[in-house]
Amino acid sequence: MMMNDQDLLVIAGVKLQSRMLLGTGRFPSPHVLQQALTASGAEVVTFAVRRVNLEEVEDDSVLQHLSGRHYTFLPNTSGANNAEEAVRIAKLARAAGLGSWIKVEISANPRTLLPDPIETLRATEQLVKEGFDVLPYTSDDPILCKRLEEAGAVAVMPGGSPIGSGLGIMNPYNLGLIIEEANVPIIVDAGIGSAADAAQAMELGASAVLLNSPVAKAKDPVAMALAMKLAIEAGRLSYLAGRIPKKRYASASSALDDSLFAPAKGAL
């Protein structure tokens, strides 16, 4: 199966050609952010609602740099400590005209910033009832990810490792289980450090990858944005192509008595 225009990522009915979601924080300047967005080809951008001036969204220092381009906004609830705070932040964002997509992000421990599983599930359940398209950021727990899907999440976003750590995918086995059991897009979010990590996530079968720090904090953010774009595309194509099985021992690509090509049908 080859990649084509029909191999689209669909979230909440929105069709996307890019499988890279990009955060807007930590870039050295607005100009570099704009260049990185262009290089990445990303169609979905995420930002913390707490960083946005909700009273004057059109003049906001973050969103004004995205004007003139067609993006799907994915505001997040970063800074929320519980479900109630996350729900309140989401409602403020929607009331300000930022749409119905919301990334639930609830961290209880400031040192690890790992998501709070109980509060994340509670917030997801409530926000779904309120009519939001919820994309919860969560740990790589297969059972929890399934519960979030069952609660109505339009996509589930397990972390590869702690946010901003750059440690890559610490537990590919769990991610594989999550992807295998899912009926909604699985977007690997947090911990990606290099293009190799992004390609690995896609080769595992992830639907997309969300990035911020590995691009924004790279020595050359624009070049890294392009590298991530290409890695995600390559990883997706590799997944669709189907890798060879792993074997314990060597296997020659051609035996001594093999011809270069198999004989045609009917040949003597």
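How many cavities of 30 Å³ or more does a search of the whole structure find? The search finds one.

Good morning. The structure is a predicted model, in which local features need pLDDT of at least 70, side-chain atom pairs count only at pLDDT 80 or more, and totals for chains, interfaces and linings use all residues. Residues are numbered from 1 along each chain as its sequence is written, and side-chain values use heavy atoms, with hydrogens and water left out.

Let us begin with the empty space. Rolling a probe the size of a water molecule over the atoms shows where such space is left. On a 1 Å grid over the protein atoms alone, a cavity is a set of points where a 1.4 Å probe fits but cannot get out, whereas a pocket is an open set with protein on both sides within 12 Å along at least five of seven lines; lining residues have an atom within 4 Å of a point. Grid points are joined across faces, edges and corners, and a volume is the space filled by probe spheres set on the points.

The largest cavity has a volume of about 40 Å³. Its lining consists of P142, C145, K146, E149, I178, E181, A182 and I186. Two elements, α4 and α5, each give two or more residues to this lining, and α4 gives the most, with four. Helices (H or I, at least four residues) and strands (E, at least two) are DSSP runs, numbered from the N terminus. By class, the cavity lining has five nonpolar, no polar and three charged residues. Here Ala, Val, Leu, Ile, Met, Phe, Trp, Tyr, Cys and Pro count as nonpolar, Asp, Glu, Lys and Arg as charged, and the others, Gly among them, as polar.

How do α4 and α5 pack? Helix α4 (residues 142-150) and helix α5 (residues 172-181) lie with their axes 9 Å apart, at an angle of about 30°. Axes are lines fitted to C-alpha atoms, for helices over the stretch in contact, and angles run from 0 to 180 degrees between N-to-C directions. The two helices are therefore roughly parallel to each other; angles under 35 degrees count as roughly parallel, over 145 as roughly antiparallel, 65 to 115 as roughly perpendicular and the rest as oblique. Their crossing is right-handed, that is, the near helix is turned clockwise from the far one by less than a right angle. P142, C145, K146 and E149 of α4 make the contact with N174, L177, I178 and E181 of α5, where contact means heavy atoms within 4.5 Å.

Next, the second pair. Helix α2 (residues 83-95) packs against helix α3 (residues 117-129) at about 40°, with the axes 8 Å apart. That makes α2 oblique to α3. This crossing, too, is right-handed. From α2, the residues A83, E84, A86, V87 and A90 meet E119, R122, A123, Q126 and L127 of α3. The contact has six nonpolar, one polar and three charged residues.

Finally, the largest pocket has a volume of about 740 Å³. It is lined by 36 residues, of which R26, S78, E105, I163 and N212 are the closest to its centre. The largest share of this lining, three residues, comes from β4. By class, the pocket lining has 13 nonpolar, 17 polar and six charged residues.

Thank you for your attention.
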